[in-house]
Amino acid sequence: MTLAEELPELLPAWLPKQRWFAAKGRQVRSVAIASITPLRTDGVPLLDHVLLAVDFADDSPVQHYQLLVARREHPRGELEHVVIGAVGSHVAYDALWDTAVTEWLLDAIRTGHTAGDIRFVPEPGAEIAQGVPGRVLGVEQSNTSVSWGEQSILKLFRRVLPGINPDLELHRALRSVGSVDVAALQGAIEGVLHGEPVTLGMLQDFAANSADGWAMAQASVRDLFAEGDLRADEVGGDFAAEASRLGETVAVVHAELREALATGEADPRALAREWHDRLSASVAEVPALAEHAGPIDSIYDAVAALTGPLPTQRVHGDLHLGQTLRTPQGWLVIDFEGEPAAPLSERVRPDSTLRDVAGMLRSFDYAAFHQLSQWEPTDQWTDPDHDSQLVWRAREWAERNRSAFCDGYALRAGTDPREQNVLLRAFELDKAVYEVVYESRFRPAWSAIPLASIRRLTADAQSDAGV
């Protein structure tokens, strides 16, 4: 029997156990081979690119995933944890953990190799690592990343969707204008699904000696809570200077995206309608939102009443502290895929830069209050009448860093996002409503964080209106 005949029998049990499989908890009815492209047909190991079509028992749409399948007669011990099963006289396994495969992949991109519909595409002038083994990084959920020393990192998109991935598209655009605020693109792996182009992977500069923005913010809040009588600006781990630099970086990236790609306009009334509809659906799913629906709708109505179109452009679309890296040279913005749950048509649609600003402001709230939940039960600090010292400190930290971020953004953008208070608050609320639904589904204990933010944002709006 061939790989195409034997592999589908092994995958229904193996696939749901993989951390990157996006449909956990759903019963897999069958796994079919959409395509197999041989990459190495002699030597050790054999290597094939396999595109899977996963069918579910609930009759939901088929999902496509990609595998690099290697085969050896006797896999080395360090590959046992990624074994798929026996195929003929060989053992098949997920190839990314095999250094012989990662060496081949890097060389394929460097040389512009083509196999069937799969193209390995180097960026002109890119400096791609050589002579170092690749190793899988264990930090991602939906994708798999392999790094080669401190020079190159490959992100393989496990779930494959028709169309060019926005992460690749925007990195190419930013490279065309010489951006230094993203990890430079070195190359890509591209293919075809149902006759449409697809992005299979992208190779970038590896941000050596970098720190994740979320981890840095969490450390800052821990430092604050550990001090008995110091304010946020008096603690050694104060994050405000970094928040300001990060605001500058985001503003520069926005300007570069305007330079590289087309801009447009949006009708504020249409935007408000989308938000109203999303809120109604969210209230139906999470009844805890119902008491806030009236005040939120009023804020959306204020956006609908704005005169003139809103300027739009390509934006990050899912910006938060976890999408940033602090290197010795400065901040980098990473992962331009957009909101993972949104369809591609939405993720590539021009939008207001305030969506990204609002995402970062929400992230500062999360950093402060997620940390607070480790110190005080949420049923205490979410009580509007509860005002402990730690609650006060969390609010102070969040507000200080939200303000610093906007200060930095205004310095480079020339306009302060807070001057568009009505629109910015509405973007924040839309994001917080989304967060409530997400947390209620997957992390119920965290839902108190966006609910508390909704309470604050609607109260601020009523105060501004003199209510």
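Start by selecting strand S9, residues 143-148, in this predicted model. Color it by accessibility: 6 of its 6 residues are buried, so the strand is largely enclosed by the rest of the structure. Now show the side chains. Asn-143, Ser-145 and Ser-147 point one way, while Thr-144, Val-146 and Trp-148 point the other way. Both sets are buried.

Select residues 134-137 to bring up S8, which runs antiparallel to S9 over 4 bridges. To see one of these pairings, pick Gly-134 and look across to its bridge partner in S9, Trp-148.

Then select residues 152-157 for S10, which also pairs with S9 in the antiparallel sense, here over 6 bridges. What sits between S9 and S10? The hairpin has 3 residues between the strands, and Gly-149 takes a positive phi near 60 degrees.

Time to switch to helices. Select H4 (residues 213-226) and H11 (residues 389-413); their axes come within 10 Å and cross at roughly 140 degrees. Are they parallel or oblique? An angle over 145 would count as roughly antiparallel, and H4 and H11 are therefore oblique to each other. The crossing of H4 past H11 is right-handed.

On the H4 side, pick Ala-217, Ser-220, Val-221, Leu-224 and Phe-225; on the H11 side, pick Leu-390, Arg-393, Ala-394 and Trp-397. Color this contact by class and you get 7 nonpolar, 1 polar and 1 charged residues.

Definitions and conventions:
Residues numbered from 1 in each chain as written. Predicted model: local features only at pLDDT ≥ 70, side-chain atom pairs only at ≥ 80, totals over all residues. Heavy atoms only, no water. Buried < 20%, exposed > 50% of the residue type's maximum accessible area, 1.4 Å probe, protein only. Helix = DSSP H or I, 4+ residues; strand = E, 2+ residues; numbered from the N terminus. Pairing = 2+ DSSP bridges. Axes fitted to C-alpha atoms, helices over the stretch in contact; angles between N-to-C directions. Parallel < 35°, antiparallel > 145°, perpendicular 65-115°, else oblique. Left-handed = near helix turned anticlockwise from the far one by under 90°. Contact = heavy atoms within 4.5 Å. Nonpolar A, V, L, I, M, F, W, Y, C, P; charged D, E, K, R; others polar.
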